[in-house]
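Reader: I'm new to this one, and I'd like a close look at a single part. Could you walk me through a sheet and what packs on it?

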Amino acid sequence: MKRAISLLLSAALLLGLLGGCQNSEPSEPSDSPEPGWSVTELAELAFNHCGREDMDGLEGLNAETDREGLAVYIENAYGLEEPWEDAAVIRATGASAFEIAVLRMADSDSAVRAAAALMSYIFSRQGDFAGYAPAEADMVANGSIMQDGPFAALFICPDPDRARAAVEAALNGQSVPEPGSESSAEPTADVKDLRDFLVSDRGMDGAELEKLDDSELDALNAYMEDAYGLTPDQWEECAIARGTGESAFEVAVVRVLEDWDRISAVEGAFNDYLNAREAQFDSASEQAQMLHQAIAVEAEEYVVLLACEDAARAAEAFSVEAGTMGYGYSMRYRFPNADSQYPDRCKFTPPNEDDMSLYDTSAIRSAWEKGDPAGLSEYDRDIYDQAKQVLDKVLKDGMSDYEKEVAVYSWMVQNINYDWTHQDRMKETPRESFTPYGGLVNHTAVCLGYAATFQLLMDLAGVECITVVGAAHRSSSDHGWNMVRLNGNWYCVDVTWDANYRETGGRGQQQDWDYFNVTSDYMADSDHQWDYANIPEAVTEGNGRD
């Protein structure tokens, strides 16, 4: 559960009325000269170049109005406990993932660690919206991180590259383009510069790395042949940065003549190397897991080895920096973290971020069977009354179990809204949203509340149903859904994600439902994870129609 935070939010930050965020407490001097821009001005500058024009639904957080509250937000949202000198955040609330943050740390080493924390936040934040608001999740996935001297910044916005470029120009004393103007930046072509870009982009500036390039051609040739099995006639230029000691970090940028056979040979050599390299580490270690999701990317004349955190994001960043017309790669495994017993499925590890315990509805079900709710608590009586009202409205005599399910599912998709406080790191989600009370009385729920509501209505309607408490987003976010049994066959349903589609612009009609009476394989392929060995398998197709 998220910690509740009470902050004074300054609209003036968004209107450009603050002259800068000054420390409320003295701090040690930075290891680089103070720039002409305050963090507030840098955040405003990023906003002016981020591709968003309106300020509706945005909040500004800064140290001048509430340093203590901002510190709580930075620690809880970004997981950054390290002291910072100044910070400013522009963030959206509710169903939007928009966020710009600029932090000034004590020195560049601290800024590197802050950038790494922000990168982890991007992955976590994507999980907040994956399935619930796919367009927002995509914006998060395309977000950008910057580290420049003692500054670290986060850009989750429509045009993160332009916002980042504007801030970098300001910090480096360069001319900042007018908002909306085309960038004149030329693509980076030098392989050493591209290697160093990847090192910086992955937050590895300042780390102990071994670098190989044409400055020591004999050493480079030897490593290329000994490690990758590539001879000089197979590549034109190369630059490598690799971790030392127990670090498996490694990026290599190779320029190859645009000959498909050579490109394919280098890509294959990189994949063979990554397989062998992964076997050298304990499979449970973080380094082995990083290598498990490592990739070899082909982007025009470049082949790039990426053994780093979030390699897919690094591939995208490389393509932008190098100015290539896209990129391509094949995952060496279907899932970077596969279940050993279910190799075609992502391993399930309970995230335990939320209290996913199920609300006990036994008293409500007993009262329903007796037709007498008099002995229920006030809370349960409210649930009972609303459940009766819904079922009296949607069920008709003679309905089959499938027809009952469709009627209840349709009502829920159309009438229960998602509780977006769950995506807001500044708010506490009420417990009611995890129970049938949220769905039936408040008409607002999170995934477990949807699942608990569907479960109760199916129980009262006499349709066999279970609730699955699992995860999503590669087992990093708690998630819950249901399974129903029709004519002896199990089917999976996720009313939450279908209701979210209605909320984010869809009609919510039955033909729009993507997660109604689908197979377990379909759920696994659509980013659901659960205890595969102890939950019934849904294998029947056809959506349960009679």
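How many bridges join strand β13 to β16?

Author: Two bridges join β13 (residues 465-472) to β16, and the two strands run antiparallel. A quick word on the source: this is a predicted model, where local features need pLDDT of at least 70 and side-chain atom pairs count only at pLDDT 80 or more, while totals for chains, interfaces and linings use all residues. Residues are numbered from 1 along each chain as its sequence is written, and side-chain values use heavy atoms, with hydrogens and water left out.

Strands here are DSSP runs of E with at least two residues, and helices are runs of H or I with at least four, numbered from the N terminus. Two strands count as paired if DSSP finds at least two bridges between them.

Four strands make it up, it's open, and the order is β15-β14-β13-β16, with antiparallel pairing. β15 (489-493) and β16 (528-529) sit at the edges with a single partner strand each, so one side of each has no neighbour in the sheet.

Then come the helices. α14 (residues 401-415) lies across β14 (477-486) and β15, running at about 150° to β14. α16 (residues 447-461) packs on the sheet too, touching β13, β14 and β15, and its direction makes about 20° with that of β14. Contact means heavy atoms within 4.5 Å. Those angles run from 0 to 180 degrees between N-to-C directions, using axes fitted to C-alpha atoms, for helices over the stretch in contact.
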